[in-house]
Amino acid sequence: MRYYMPTQILFGPGTINQLRVVVEARLRSSRPLLVTDRGIEEAGILEKARTLLAGVPVFDEVEPNPKHTTIDRGGEMARGLQPDLIIGLGGGSVIDAAKAIALLAKNAGSIEEYEGREKYQAAPLPVLAIPTTCGTGSEVTWVSVITHTGRKFKMSIKGPEMFPAVALVDPDLLVTLPVHLVASTGMDAITHAVEAYTSKLATCLTDLFAREALRLLFRYLPRAHADIRSDGEAREGMMLGSLLAGLAFGNSDVGAVHCLAEALGSLYDTPHGLANAVFLPWVMEFNLEVSRPRYAEIARLIGIEAESEEERAGELIERIRGLSRALNIPPLSCLGVEAEALPLLSRKSWENNSNPSNPRPASAEDYLDILRRALAA
Ligand SMILES: [Fe+2]
């Protein structure tokens with residue numbers, strides 16, 4: 001068994017106030033570059049970071065499902081400024097972009113040349129990851145997912161040097177998270193934990209993280225969705241649940257839900273968390289014949305008390321469907337997907353790097369079947 005995660009984690013409400021100490025004393029940085037997006041600016045979080053790090057240069061062009069062309073522009077900026085640290089302040093897209101820009105700061109060319117594992121010659125710059133959503137987990141993983149716009153494909157760029165050096169995780173940064181992002185990023189975190197717990201690569205260590213993540217996320221997501229602004233306990237539960245889910249799937253991988261979500265995101269630009277939420281119950285039904293005992297364990301963990309293993313597993317899937325409805329997650333048919341696109345989506349899902357980690361082997365035909373069921377609902 002192997003478990004590797006070299007990131008130093010600082011967790012707690014108000015941790016953002018340690019930003020300057022972390023940058024200057026812990027990471028010994030005197031020339032950081034901050035990567036973020038416009039939403040973080042509008043939420044006032046960037047202003048807070050700028051107050052703590054006077055004069056820090058900012059690259060704020062990251063979009064959801066970050067494009068390789070955007071990363072290349074960020075890389076150019078980094079090469080010009082010669083920073084000694086990249087700070088990623090935002091959701092999963094921003095943290096993934098920060099990792100990729102840290103790579104380009106030290107390596108020539110376009111990010112598309114680094115698709116795959118350890119394709120870089122020089123180690124990327126250190127990254128300080130500061131998540132502002134309750135779903136990414138990217139603050140404790142080695143992978144950056146970047147959309148190649150020409151190929152309409154989500155590239156995975158990864159390597160042991162791409163783990164953030166420090167994850168500064170402050171639940172109070174969730175105060176201004178819009179309610180639809182609480183829903184979609186929270187469902188992303190639940191998907192990470194479910195897929196980690198049922199992955200072919202799961203170990204007893206990733207199980208520990210996944211189980212505690214699931215306990216927290218199912219307890220606190222409805223509360224966070226109802227009132228994240230004034231419910232500090234729910235914010236902390238969600239941020240910790242998301243972090244723990246990252247610690248699980250970072251070493252066990254994800255599965256077919258992410259394969260479908262990445263295919264959808266690459267073709268339709270569907271936000272990652274939303275796409276996962278849409279596919280999760282359908283993939284769980286597909287995996288049921290292999291993952292039933294594990295689903296039943298999750299069910300028990302979150303208080304489902306049905307008699308048999310079969311009933312508990314079935315009730316878990318229904319609980320997830322009910323949660324999605326309560327969070328106003330739309331069905332696949334409301335996301336602009338046409339039936340003609342399903343064969344291409346199924347092929348892209350099958351080609352995804354995480355497909356072999358799914359507990360039940362899934363062919364392109366299987367993906368097509370899952371997509372048809374989801375679209376008909
Ligand atoms: Fe995800």
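**An iron site and its surroundings**

Colleague: How are the donor residues of the iron ion spaced in sequence?
Modeller: The donor residues of the iron ion follow the spacing D-x3-H-x65-H-x13-H. Bear in mind that this is a predicted model: local features need pLDDT of at least 70 and side-chain atom pairs count only at pLDDT 80 or more, while totals for chains, interfaces and linings use all residues. Residues are numbered from 1 along each chain as its sequence is written, and side-chain values use heavy atoms, leaving out hydrogens and water. With that in mind, the answer is D-x3-H-x65-H-x13-H.

Colleague: Which residues are the protein donors of the iron ion?
Modeller: A donor is an N, O or S atom within 2.8 Å of the metal (3.2 Å for Na, K and Ca); water is not among the atoms, so sites may look incomplete. Here the donor atoms lie 2.1 to 2.4 Å from the iron ion. They belong to Asp188 (OD), His192 (NE2), His258 (NE2) and His272 (NE2).

Colleague: What separates aspartate 188 and histidine 192 along helix H6?
Modeller: Helices are DSSP runs (H or I, at least four residues), as are strands (E, at least two), numbered from the N terminus. H6 spans residues 179-198. Because aspartate 188 and histidine 192 are 4 residues apart in that helix, they are separated by about one helical turn.

Colleague: Are aspartate 188 and histidine 192 buried or exposed?
Modeller: Relative accessible area decides this: under 20% is buried, over 50% exposed, and in between partly exposed (1.4 Å probe, protein chains only). By that rule, both aspartate 188 and histidine 192 are buried.

Colleague: How many salt bridges does the structure hold?
Modeller: Side chains of opposite charge can pair when their charged atoms come close. A pair counts as a salt bridge if a side-chain nitrogen of Lys or Arg is within 4 Å of a carboxyl oxygen of Asp or Glu. The total for this structure is 17.

Colleague: Which residue forms a salt bridge with aspartate 172?
Modeller: The closest N and O atoms of this pair are 3.3 Å apart. The pair links distant parts of the chain, 63 residues apart: aspartate 172 is in the loop between strand E9 (166-169) and H6, its partner in helix H8 (residues 232-252).

Colleague: Which residue meets glutamate 297 in a salt bridge?
Modeller: Glutamate 297 sits in helix H10, and its partner, 86 residues away, in helix H7 (residues 204-227). Glutamate 297 is partly exposed at 32%. The partner is arginine 211.
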